[in-house]
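We'll go stop by stop.

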Amino acid sequence: MVLNIPKRLGKLRKISFSLQSKMMVYFGILFAIILILAGAIRLYGLPWSAFKGEYAQRRAEVFEQLGEIADTKQASLASWLQQRVFDAQVLSDSLLFQQNVYTLFQQLPEIRAHNDKLVPALTHIAIHEAVTQHLQLIKNTYQAYTSLQLIDPNTGDIIASSDVNEVGQNIADQPFFRAIVLPSNNGLIDTKLQHEHLGLFIARHIPAPQGESGKVAVLILNISDPELDHLLSIQNTTGKSSEAVLMTRSMQLLSSLKYRPAESKASASLSDDLNQALHPLVSAAQAGTVTAKDYRDKEVLAIYRPLPITAAIDWGLVVKVDQVEVFARIQQNIQYSLIVGGIFSILFGLGGTFLLARRLSYPIEMLSNTIQRIEDGDIYARAEVTSYDEVGKLARLFNGMIERVHRAQSELEELIDSRTAELYKTNVNLAITLDEMKNLNTHLSQEIAVRREIEIQIRKKQVIQQTIFDSVPAFIWHKDTENRILWMNKAASELSGVHPESPQGYHLSELFPQYTETWFKDDLQVIRTKQPKLGVLAEVCNTRGECLTIQLDKVPYIDEDGNVIGVIMLATDITARLQAEQAMYESEQRFRAIVNTAVDGIVMINECGIIQLLNPALAKMFGYEMEELLGVNLGILMPSPHHRKHDEYLRHYLKTGEAHIIGSGREIVAQHKNGSIFPIYLAVSELRLKDQRMYTGIISDITELKQAQLALEESKQELEIQNKAYSRFVPREFLSFLEKRSIVDVQLGDHVQKEMTIMFSDIRAFTALSEKMTPTENFRFINSYLSKMEPVVLSHHGFIDKYIGDAIMALFPHGADDAVRGAIDMLRTLSEFNQARQHANTELIDIGIGLHTGTLMLGTIGGENRMDGTVISDAVNLASRVEGMTKMYGATLLITEHTYNRLVDVSEYAIRIVDKVKVKGKSQPVIVFEVLDGNLPEIRDAKLATLEMFTDAFVAYQRRNFDYAESLFQRCVDRNPNDKAAKIYLKRSQYWQRFGDDQTWNGVTELESKDGA
């Protein structure tokens, strides 16, 4: 124990340094702290004072600069987005674009019905190509978009796109699709995630045609990422690391990061640290400043400004710059100050400290030598310092500590010897006790293991027995001799409504009080005779209120001594069996009632053709008694030679399985008992009864039906003769629409409402032409012309409603395509008609045709003695006005937008838009198109050559860009001087360009007369 004292003193000496070294270190640290504190005050300022330091001042300057940048970018973004919204609005409101979209979407159902793949079918349609070119034109004109898409709002299919590779893709499962189709989201600005890329888009609805509600399609303009990134780029005003990003309220980035490749944008983030710092500002939609680490793990200064786009969309703008770059100059100045201050601290401070420490270190060295002697083994060494300062006091305390250590060591050695002897004795006794306990535990463990194995085997047997009884569908009870239930299986417990493992037995009177006395008598008989009692029927009700019919079997329970100690009661539910027997009986009674009361004859024969069953109606139909036909061959009811062929047919069917009448019905002849022949309708079916084939026949006497059919056929022939005569004056289709069989059935006021395409055709300058002819020549000319045009109308499923002098009014009830094709054929027939007149040296004629599709009333007007069939509708008047407009625009065939929208495939025809007009008496304008196919080849080719230019000019005119429209229309006139419509628009553009733009002008031409003037 003595040897430990020097070691402890040695440790004390080891952790001490010389006073000289300590003072050198302490003063060096003090100077460094003062130097650092001065630099920190200069950098960060003094708390609770006006001096904020260079760091805070520079920080305020940087945030002010970032705020100015954020304000500028915020205004630029708002203006830029407003321009993009305006682009989407102009495109979606374009009448030409809308008409092309209407036509394309009208053809979609038929395209999907006749084509397995949508994309190849669309690419072969001219109208789809026109829509695609329109979208590509907008994309090429405005570099702000990556693609423009036209979406089907019902299916989510991309029907058209400026990027042809996107056509046919489906976006119905995208979250943004449910938002863009909502009526309230017309003009939506939002983001979407496609191919792990978050992009900005604008959605506009293409409204349904005038007079209809809803939308036809959704137009999506996808914003270009480089365009947005360029808008957010920052010049090096605050530093090279300055960066501005646009983000959503959910912290998703809408613009690329400056130090991360563009293809990584989908996974880019400002960093979790910076997002967490910005989250309170983003959630509250408030501007503010933060300091955090960005995605490069660098400390940055950032400013956040909310950028509300709409009431539902609130994005934010973050502008940030690296702190290292901002404070680089300040930190460099601090480093220079620390270096200079450190050099002066070493030269002056540490030099003076060395001299002072040298003077104070001698007494401490003496104390250190004493400690060294004790460490070397001289435990009686003492410190000899006689000074009264702190070092002398330390020496006296050291000497006293050494004396106390000697005393404590002696006392501790005596106590250890005493405790060691006691511990040895206790260990010997404990070892003996442990040996005895080990033997006892071994015997006890063996006994517990044996008992546990026996309990497991008993429990397994009980589980197996209980499982077997619970799986039995019957009800099982175990009762004692006093009518108490001691055990029951699962089915019995469910029937009784009690738990099967109840510790106290239930008395039978508690469960089935109505059967207590009867069942107990049977139990006593079983107990007394030791014989089972079987087949007892009873009706009981379960816990759900369902009443069951059961069959009871009671067996005595005998113990090992042969004494009866109880009764086992087994009950079987026979409710279903009794119900099935009752249902079978009732079904048989219903079948017999149906057969005996049936109006038609019913007969059943076997495989040999012998009648096994028949009903009274059959016997009465053939004049027999029922007993005369039972057991007789069915051939008795057939005339020769059919009764002989009947047996041959049965044998052939049994051999080959070829059925001619079985499973179907047909008309045949039958023979009455008196030998007369009459027609019947026979329906035969096959069934099996007890592995035997049987055939059932239902026979109807159709004698009266045949007579009625013959009379009806004669009446139809007479009616057809009358209709042929009247059809020369009243179109047969007129009667068909009124659902009349004959003209004699038509009454004054009969009418029907239906959508049709109305055609008006008129000869140009007919009055001047007729003045040159006699009345006879007039009639001969008119009939010659009309006889050529009538077959053309009929061949295209139309009919002529009336002739109005030289004009024709025709109706096409089955589709606008019939009317357009019919009008084109009429113009071609006119060309042939003119060729014949040219050979006869007679004057050539021109006609104008107008088509309009709408709802009309077709019926009869007049009085009791004179009435006429006609059509009445505002659509008829509009068709007449459109025909008159052909003179104004120098066209031969004009159609309205309603007819244009009903065409199955507008690409089948050469069509150009002509005008948006409002005729006299109409409140709503209508768009008019010119069909070029019926023109002479030279006229048609000249207009087709300027078709695209004319369309662009018309769009510019509707957008009030009159200067551009005038230049295009002038080019159209230069290339085709005979284009009357181009000349009209050239004058209009010059007029509006000269006299200014009326703010109420909407591009609609109001016509005052029928001829379009």
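A word on ring pairs before you click: rings of Phe, Tyr and Trp (its six-membered ring) pair if their centres lie within 6.5 Å, and planes under 30 degrees apart count as stacked, over 60 as edge-to-face and the rest as tilted. By that rule, the whole structure holds twelve aromatic pairs.

Some housekeeping. This is a predicted model, where local features need pLDDT of at least 70 and side-chain atom pairs count only at pLDDT 80 or more, while totals for chains, interfaces and linings use all residues. Residues are numbered from 1 along each chain as its sequence is written, and side-chain values use heavy atoms, with hydrogens and water left out.

Start with everything shown. The protein has 31 helices and 29 strands; helices (H or I, at least four residues) and strands (E, at least two) are DSSP runs, numbered from the N terminus. Of its 1013 residues, 41% count as buried, where buried means under 20% relative accessible area, exposed over 50% and partly exposed in between (1.4 Å probe, protein chains only). Contact here means heavy atoms within 4.5 Å. Among contacts with a separation of 6 or more, 55% are between residues 24 or more positions apart.

**Stop 1**

Select Phe 969 and Tyr 985 and show their side chains. How are these two rings arranged? Their centres are 5.1 Å apart and their planes are at 10°, so the pair is stacked. Phe 969 belongs to helix H30 (residues 962-975) and Tyr 985 to helix H31 (residues 980-995), 16 residues apart, and the pair links distant parts of the chain. Both Phe 969 and Tyr 985 are buried.

Buried or exposed? Trp 992 is buried, at 18% relative accessible area, whereas Tyr 991 is partly exposed, at 43%.

Then bring in Arg 912: its charged end sits over the ring of Phe 950, 4.3 Å from the ring centre. To qualify, NZ of Lys or CZ of Arg must be within 6 Å of the ring centre and within 35 degrees of the ring normal.

**Stop 2: two helix pairs**

Two packed helices are described by the angle between their axes and the distance between the axes. Axes are lines fitted to C-alpha atoms, for helices over the stretch in contact, and angles run from 0 to 180 degrees between N-to-C directions.

Color helix H29 (residues 947-958) and H30. They pack at an angle of about 155°, with their axes 8 Å apart. That makes H29 roughly antiparallel to H30 (angles under 35 degrees count as roughly parallel, over 145 as roughly antiparallel, 65 to 115 as roughly perpendicular and the rest as oblique). The crossing of H29 and H30 is left-handed; a crossing is left-handed if the near helix is turned anticlockwise from the far one by less than a right angle, and right-handed if clockwise. Residues of H29 including Phe 950, Phe 954 and Tyr 957 meet residues of H30 including Phe 962, Leu 968 and Phe 969.

Next, pick helix H24 (residues 775-795) and helix H25 (residues 816-839). Here the angle is about 145° and the axes are 9 Å apart. The crossing of H24 and H25 is right-handed. Among the residues making the contact are Phe 781, Tyr 785 and Met 789 of H24, with Met 826, Leu 830 and Phe 833 of H25.

**Stop 3: loops worth a click**

Zoom in on Asp 297, in the loop between strand S7 (288-293) and strand S8 (299-308). Asp 297 is exposed, at 56% relative accessible area, and has a positive phi of about 65° although it is not a glycine. Arg 296 has its charged end over the ring of Tyr 295, 5.9 Å from the centre.

Another positive phi, near 100°, belongs to Ser 271. Ser 271 lies in the loop between strand S6 (243-247) and helix H9 (272-284) and counts as buried at 13% relative accessibility.

Last, find Ser 224, between strand S5 (215-223) and helix H8 (225-232). What does Ser 224 touch, leaving aside its neighbours within four places in sequence? Ser 224 is in contact with Gln 143, Ala 144, Tyr 145 and Thr 146, and at 8% relative accessibility Ser 224 counts as buried.
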